[in-house]
Amino acid sequence: MPGIVFPKDFIWGCATASYQIEGAFDEDGKGESIWDRFSHTPGKILNGDNGDVACDHYHRYKEDIALMKEIGIQSYRYSISWPRIFPEGKGQYNEKGLDFYKRLTYELLKNGIKPSVTLYHWDLPQKLQDIGGWANRDVTDYFVEYAGLLFEKLGDVVPYWITQNEPWIVAFLGHMMGVHAPGIKDLKTALEVFHNILLSHGKAVGAYRQLNLPGKIGIAPNFSTKYPASDKKEDIEACELADGVLNKWFIYPVFKGTYPEDVVKFYRDRGAHFDFPPEDMKIIGADIDFLAINYYTSEFVKHHPVNGFVEINNELSQFEKTEMGWIIYPKGLYDLLLRLDNDCNKIDIIISENGAAFDDKIDENGNINDVKRMNYIKEHLIQAHKAIEEGVNLKGYYLWSLMDNFEWSFGYSKKFGIIHVNRENLKRTIKNSGYLYRDIIKNNGL
Ligand SMILES: OC[C@H]1NNC[C@@H](O)[C@@H]1O
């Protein structure tokens, strides 16, 4: 493979999220989050794991930033824990909580690492869940109050802001499947939550614009590319529906001012319809500076007589899978990038998450030769580069994740890090994938 070189100003980053790495779940005035509540509820998380300590990043952030510097990370995507800032979700803010993020942000800047801040990565203050959570439209205004404080306190030094992480996961895993916090299982609630999260995003973008800040603001949906399992008409239609439920359900409201009609009908036919003021769509469609995409895998789709579609990756033995059971399908990233370039008016795109969980082995010398993760990274970067050559405005890549961390309902059993974290003593060890990433960054390519 001839040397692949990315554009000279391409951003090489890595990503984490507050609940997954910080720990200090009740320290310095932090309020309870819905993930504190969920992970403290017996039976919700594998092995009874929780984020009480996590990777103790709250206390070890300087050590972690030193590791980022050793690898050469140019930008660090982290999320802010809303209940650390507003323990009750609104009202009086917690100076000590804000101080942690000031210290973290300035330590990054001191080390020449660009901060990329995600305002919401799932840890809603429990007090807001107690009044309905994201299904309560008032929470969109409390989100703007929270975002506004951070814009005011950090907006002059943080160049990249992401309003919401994976609205679809929050809405459907948290409010329809019940496998994420707050553990609700109701389709209508999930649809209301999804809408309110997009509404909160649009309102926060509006607030950001009012302040004339020097940075850029976007949103980070999760996408996966859908392929029909056969060229049968019924499978092609099923694939269209699956693409609508996940991908179009985000793209249409944010970029086309409406929800996709076929999917609205799909939900209405299942007794779930939600109403909202039509002027919401203008707010949701606020102009953003970049689209941040989280891509891990793709799905092959078949017709299903009752549900309309079924995803059949579990039956596909021809693809290697990660520890999450997700097929490794790098071309899905290329196809997604070309599609988004077309559907989203050639907007600047950042890959805000891409990575893989594997069952890493530590050798007798304490080294971790995680070849599968190294191959995953290389293969996806090759596809990303192909998309750039096709004219896609891809501006950066944030690897998920900097370190092994709390993988939601799977607890600490699934490891995505390029840095290993010993669960006994929290010792950090850079894996061979971390050294590979160091070389990729140094060479600005493969
Ligand atoms: O499953 C891997 C990642 N996916 N996107 C959201 C993150 O919080 C997850 O750890």
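The largest cavity is lined by S18, Y19, E22, G23, F25, K30, D36, G51, S81, R84 and D123. The model is predicted.

**Largest cavity**
- The largest cavity holds about 60 Å³ of space.
- Its lining splits into two nonpolar, four polar and five charged residues.
- The count of cavities of 30 Å³ or more comes to four.

**E22, one of the cavity-lining residues**
- E22 lines the largest cavity and sits in the loop between helix 1 (18–21) and helix 2 (34–39).
- Its relative accessible area is 3%, so E22 is buried.
- Setting aside residues up to four places away in sequence, E22 touches V53, A54, D56, H57, Y58, S79, S81, R84, F100 and Y101.
- Among these contacts of E22 are S81 and R84; S81 and R84 also line the largest cavity.

**Largest pocket**
- The largest pocket has a volume of about 1300 Å³.
- Helix 8 (167–175), strand 6 (222–228), helix 10 (233–256), helix 11 (261–268), strand 7 (290–304) and strand 8 (308–311) each give two or more residues to its lining.
- The lining of the pocket numbers 45 residues.
- W168, I169, L173, M177 and E299 lie nearest the pocket centre.
- By class, the pocket lining has 25 nonpolar, 13 polar and seven charged residues.

**G308, in strand 8**
- G308 belongs to strand 8, an element that gives two or more residues to the lining of the largest pocket.
- The relative accessibility of G308 is 18%, so G308 counts as buried.
- Beyond its neighbours within four places in sequence, G308 is in contact with A238, L241, R270, K302 and H303.
- G308 and N111 are 197 residues apart along the chain, and their C-alpha atoms are separated by 51 Å.

**Helix 14 (371–389)**
- Helix 14 has 19 residues.
- From first C-alpha to last, helix 14 reaches 27 Å, close to the 27 Å expected at 1.5 Å a residue.
- Its buried residues are R373, M374, Y376, I377, H380, L381, Q383, A384, H385, A387 and I388.
- The cover over these buried residues includes strand 1, strand 7, helix 13 (331–343), strand 9 (349–354), strand 10 and helix 15.
- After helix 14 comes G391, with a positive phi near 100°.

**Helix 15 (432–443)**
- Helix 15 has twelve residues, which should span 16 Å at 1.5 Å a residue.
- The end C-alpha atoms of helix 15 are 16 Å apart, in agreement with that expectation.
- S433, G434, L436, Y437, I440 and I441 are buried in helix 15.
- Seen down the helix axis, the buried residues of helix 15 fall within an arc of 155°, so they line one face of the helix.
- The elements covering them include strand 1 (11–15), helix 3 (57–71), helix 14 (371–389), strand 10 (394–400) and strand 12 (428–430).
- N444 follows helix 15 and has a positive phi, near 50°.

Definitions and conventions:
Residues numbered from 1 in each chain as written. Predicted model: local features only at pLDDT ≥ 70, side-chain atom pairs only at ≥ 80, totals over all residues. Heavy atoms only, no water. Helix = DSSP H or I, 4+ residues; strand = E, 2+ residues; numbered from the N terminus. Expected span 1.5 Å × (residues − 1). Buried < 20%, exposed > 50% of the residue type's maximum accessible area, 1.4 Å probe, protein only. Arc of directions from axis to C-beta. Contact = heavy atoms within 4.5 Å. 1 Å grid on protein atoms, 1.4 Å probe; cavity = no way out; pocket = protein on both sides within 12 Å on 5 of 7 lines; lining within 4 Å. Points joined across faces, edges and corners; volume = space filled by probe spheres on them. Nonpolar A, V, L, I, M, F, W, Y, C, P; charged D, E, K, R; others polar.
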